[in-house]
Amino acid sequence: MRHSLAGRAETQLQARLLARLRDDGPLSKAQLADRLQVSRTTIGAEVARLGQLDLAVEAGPAASRGGRRSTLVDLAPDIRFAGISIGATGLSAGVTDGRLTTLLVRHRDCDIRSGPEKVLALALELLREVVAEAGVVRLAGAGIGVPGPVDFDRGVSVSPPIMPGWDGYPVRDAVSRELGCPVVLDNDVNVMAVGEQHAGVARSARDFLYVKIGTGIGCGIVVDGELYRGVDGCAGDIGHIRVDDFGPTCACGNTGCLEAFAGGAAIAREATAAAVAGRSEVLARLLAERGELTAADVGAAVGQGDAVAVQLIRDSGRRVGQVLASLVSFFNPGLIVIGGGVTALGHSLLAEIRGVTYRRSLPLATGSLPIVHSELGPEGGVIGAAKLISAAVYAPDARVG
């Protein structure tokens, strides 16, 4: 398999042209000239160069607008991007076309605590299986999301609380060497926010929050259509906002963090305590059967009408809602999307988050604020990772491995 395309965009105009084709579909040279506000002669020259770079093709005559018919331009049909979304307990790998339509996505369980070498080897093995099954001949690039803080420019993880051994590890460069193509690395919740913006319920939102509730809790922030990472890439790390001075110790070393109360690991911890103490027959039976409990087991107990499990979910939703109410007052988003593995617990969690957020925020900020579940699932991370690398491949000055 050949891995890399002949080149990347060389000018900002080429980058803008490719992004238009990615997001809007095939366009005539006349339409591109109008939308990019340049001459048709300039468009013709740039399209010719993009053809030499294997990034765009002329796709026949466009519909007549009167006078001589313009020529349709489209992305090269064999552009393929890879997306890898790594979570605390599992990872997804997939491939998309140049327009970010997913061709194939696969999931595999993993433990992020196994360390970067083992987890990345598993991710690359899964990606190669996907690439082979999808019949991909070459990759234009790959995007990766990991569940911890990331230095986006350097492509490394930075002091990630739940990722021992990953601090400073050159994830981007290591994967780029293995795949032989450009690679970008970002925090997993940022990747999911980008995926939601491109293909999910946030397609029409310019300012929104994507809140991931999994083993950990994080928030992707999109401002005026652009992902906001903050000065050091730490924006949105809401899981480590303190909600109680005397709460349990968090993975980050502090006490009382939101994540220590409301993340998937916290829900599992409290469920185990309830089972051992004999407060829930359903949870005790599940613990005896499985040896340990997960947040998914709590969801199963809720389905069986277990009052303790229902209260655990309500408590988690209340804590998340308290933090979101503060964010709503500060940021005034147009939409909040709730995603991540814990959302599989169902409507009771979302209902509690909504109720607390709406009650504690100013009416002006929540009067037209939808708070909704993501509909993408693991595919969202793959799409988001692919979009990040597409932006890099389509840009002349992006920093990639």
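User: Which residue forms a salt bridge with Arg49?

Analyst: This is a predicted model, in which local features need pLDDT of at least 70, side-chain atom pairs count only at pLDDT 80 or more, and totals for chains, interfaces and linings use all residues. Residues are numbered from 1 along each chain as its sequence is written, and side-chain values use heavy atoms, with hydrogens and water left out. A salt bridge is defined as a side-chain nitrogen of Lys or Arg within 4 Å of a carboxyl oxygen of Asp or Glu. With the closest N and O atoms 2.6 Å apart, the partner of Arg49 is Glu10.

User: How many residues apart are Arg49 and Glu10?

Analyst: Helices (H or I, at least four residues) and strands (E, at least two) are DSSP runs, numbered from the N terminus. Arg49 belongs to helix H3, whereas Glu10 is in the segment before helix H1 (12-24). The pair thus links distant parts of the chain, and the separation is 39 residues.

User: What is the relative accessibility of Glu10?

Analyst: Buried means under 20% relative accessible area, exposed over 50%, and partly exposed in between (1.4 Å probe, protein chains only). Arg49 is partly exposed, because its relative accessible area is 29%. Glu10 also counts as partly exposed, and its relative accessibility is 41%.

User: Is Lys29, which meets Glu58 in a salt bridge, buried or exposed?

Analyst: The N to O distance between the side chains of Lys29 and Glu58 is 2.8 Å. Because its relative accessible area is 17%, Lys29 is buried.

User: Which helix holds Arg314, the salt-bridge partner of Glu352?

Analyst: The closest N and O atoms of Glu352 and Arg314 are 3.2 Å apart. Glu352 is in helix H12 (residues 347-360), 38 residues from Arg314. Glu352 is buried, with a relative accessible area of 14%, while Arg314 is partly exposed at 40%. The helix that holds Arg314 is H11 (residues 307-331).

User: How many salt bridges does a search of the whole structure find?

Analyst: Some charged residues are linked in a network of salt bridges, including Arg20, Asp24 and Arg35. The search of the whole structure gives a total of 24.

User: What is the phi of Gln37?

Analyst: Most residues other than glycine have a negative phi. Gln37 is placed in the loop between helix H2 (29-36) and helix H3 (40-52), and it counts as exposed at 71% relative accessibility. Its phi is positive, near 60 degrees.
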